[in-house]
Amino acid sequence: MGYKKYKDKHRKSRGGNEGIMRKIVITVVGKDSVGIIAKVCTYLADNEANILDISQTIVDGFFNMMMIVDTAKCTIDFDSFAADLEKIGTGLGCIIHAQREEIFDQMHRI
């Protein structure tokens with residue numbers, strides 16, 4: 001898909017202003033503990049990232065969460081965003097990984 005088609009596909013309306021949705025796929029995996037969702041969601045809210053979809057499960061004591069997040073209004077760049085989430089994960093004893101949607105799509109296209 002060319003850039004123009006990608007841009008048009010991810011365009012959304014914001015009160016009369018057109019903006020481009022920047023979707024990020026966030027995964028969280030680790031031993032279940034209190035506060036994982038709260039810390040991740042607080043970080044996202046503090047940086048103006050909007051959760052579009054979220055799924056989480058706990059299997060035999062292991063926590064797994066996948067989120068789709070719109071970062072169009074995010075207050076920091078992607079590299080800092082991803083690094084901060086990774087640090088949060090380290091503090092929680094989890095692995096948190098953030099990927100841009102287009103990279104995730106390309107990886108899973110093969």
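These questions and answers look at a predicted model of a protein chain.

Reader: What makes up the protein chain, in helices and strands?

Author: Four helices and six strands. Along the sequence they follow the pattern α-β-β-β-α-β-β-α-β-α.

Reader: How do you know that β3 and β5 pair?

Author: Pairing takes at least two bridges between two strands. Strand β3 (residues 23-31) and strand β5 (residues 62-70) have nine bridges. So they count as a pair. The sense is antiparallel. Within it, V28 stands opposite M65 in β5.

Reader: What holds strands of a sheet together in such pairing?

Author: Backbone hydrogen bonds, in a parallel or antiparallel arrangement.

Reader: Which strands form the open sheet, and in what order?

Author: Four strands, in the order β4-β5-β3-β6, with antiparallel pairing.

Reader: Why are β4 and β6 called edge strands?

Author: Each pairs on one side only. β4 spans 50-59 and β6 spans 94-100. From one strand to the next, the twist averages 10°.

Reader: What makes you say that α2 and α3 run in particular directions?

Author: Angles are taken between N-to-C directions, from 0 to 180 degrees. Helix α2 (residues 36-46) lies across β3, β4, β5 and β6, at about 15° to β5. That value is towards the 0 end, so α2 and β5 run roughly the same way. Helix α3 (residues 78-92) lies across β3 and β6, at about 165° to β6.

Reader: How much of the chain is called buried?

Author: 31% of the 110 residues. Each of these has under 20% relative accessible area.

Note on methods
Residues are numbered from 1 along each chain as its sequence is written. This is a predicted model: local features need pLDDT of at least 70, side-chain atom pairs count only at pLDDT 80 or more; totals for chains, interfaces and linings use all residues. Side-chain values use heavy atoms; hydrogens and water are left out. Helices (H or I, at least four residues) and strands (E, at least two) are DSSP runs, numbered from the N terminus. Buried means under 20% relative accessible area, exposed over 50%, partly exposed in between (1.4 Å probe, protein chains only). Contact means heavy atoms within 4.5 Å.
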